[in-house]
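Let's walk through this model together, one stop at a time. Keep the sequence and the 3D view side by side as you read.

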Amino acid sequence: PHAIRLEGDLTLGGLFPVHARGPAGVPCGPVKKEKGIHRLEAMLYALDRVNGDPRVLPNLTLGARILDTCSRDTYALEQALSFVRSLLPPEGGEGRCPDGSLPHRPPPERLVGVIGASASSVSIMVANVLRLFA
C-alpha cells in the first residue's frame with residue numbers, strides 16, 4: 001500500500017523510510033518528513049530532470065517504483081522482494097483463459113537498480129537478496 005509507480009522504459013527502484021517504525025504489530029507509524037519525504041522528493045525531482053532533458057538519455061525514459069521501508073529492516077526486505085516477484089513465473093503455471101488461450105501478461109519490469117535503503121545494514125541485506133536475481 002505504500003508505493004509510488006512511474007512508467008518508463010527503464011525502472012529504478014527506491015526504498016525510503018517515508019514512515020517511522022510503527023508500534024508492535026503495526027509496520028508503519030507516522031510520516032517522517034526530513035529523512036523520508038525529502039529523500040523521496042529528491043528521487044522524483046532527479047527523475048524529472050533526467051527525463052526532461054533529451055540529451056541525457058535520448059529515446060529513453062526512467063520510471064520508478066518507490067517503496068516505503070517504514071524504518072524497519074524486515075519490512076524493507078519484504079518490500080525489496082516485491083521488486084523480483086514480477087520476474088518469477090506465476091503460481092500454478094501459466095494457466096488458460098476460458099476460451100483456451102494463454103493469458104496476456106505484461107512484460108517483466110526492467111528494473112535496472114535500486115536506490116536506498118536509508119541504513120547501511122538494510123542496504124546490505126537488500127543488496128544480498130537482489131543480487132540473487134541479478
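Which backbone oxygen does the side chain of Q79 reach? The side chain of Q79 reaches the backbone oxygen of D68, at 3.2 Å. Before going further, a word on the source: this is a predicted model, in which local features need pLDDT of at least 70 and side-chain atom pairs count only at pLDDT 80 or more, while totals for chains, interfaces and linings use all residues. Residues are numbered from 1 along each chain as its sequence is written, and side-chain values use heavy atoms, with hydrogens and water left out.

Q79 sits in helix α2, residues 73-85. Helices (H or I, at least four residues) and strands (E, at least two) are DSSP runs, numbered from the N terminus. Q79 counts as buried because its relative accessibility is 11%; buried means under 20% relative accessible area, exposed over 50%, and partly exposed in between (1.4 Å probe, protein chains only). Leaving aside residues up to four places away in sequence, Q79 touches H2, L15, L67 and D68, where contact means heavy atoms within 4.5 Å.

One of those neighbours, L15, leads us to strand β2, residues 10-16, where seven of seven residues are buried. Both faces of β2 are covered: L10, L12, G14 and F16 are buried on one side, and T11, G13 and L15 on the other.

Now look at the partners of β2. Two strands pair if DSSP finds at least two bridges between them. With strand β5 (residues 62-68), β2 pairs in the parallel sense over seven bridges, and G13 stands opposite R65. Strand β6 (residues 111-115) also runs parallel to β2, joined to it by four bridges; here T11 stands opposite L111.

Next, find R5 in strand β1, residues 3-6. R5 counts as partly exposed because its relative accessibility is 47%. Its side chain makes a polar contact of 3.2 Å with that of E7. A polar contact is a pair of N or O atoms within 3.5 Å; within protein, one must be able to donate a hydrogen and the other to accept it, and residues adjacent in sequence count only if both atoms are side-chain atoms. The C-alpha atoms of R5 and G63 are separated by 7.5 Å, although the two residues are 58 apart along the chain.

Finally, two loops deserve a look. Most residues other than glycine have a negative phi. N59, in the loop between α1 (33-52) and β5, has a positive phi near 65°, and N59 is exposed, with a relative accessible area of 80%. S71, in the loop between β5 and α2, has a positive phi near 55°; at 23% relative accessibility, S71 counts as partly exposed.
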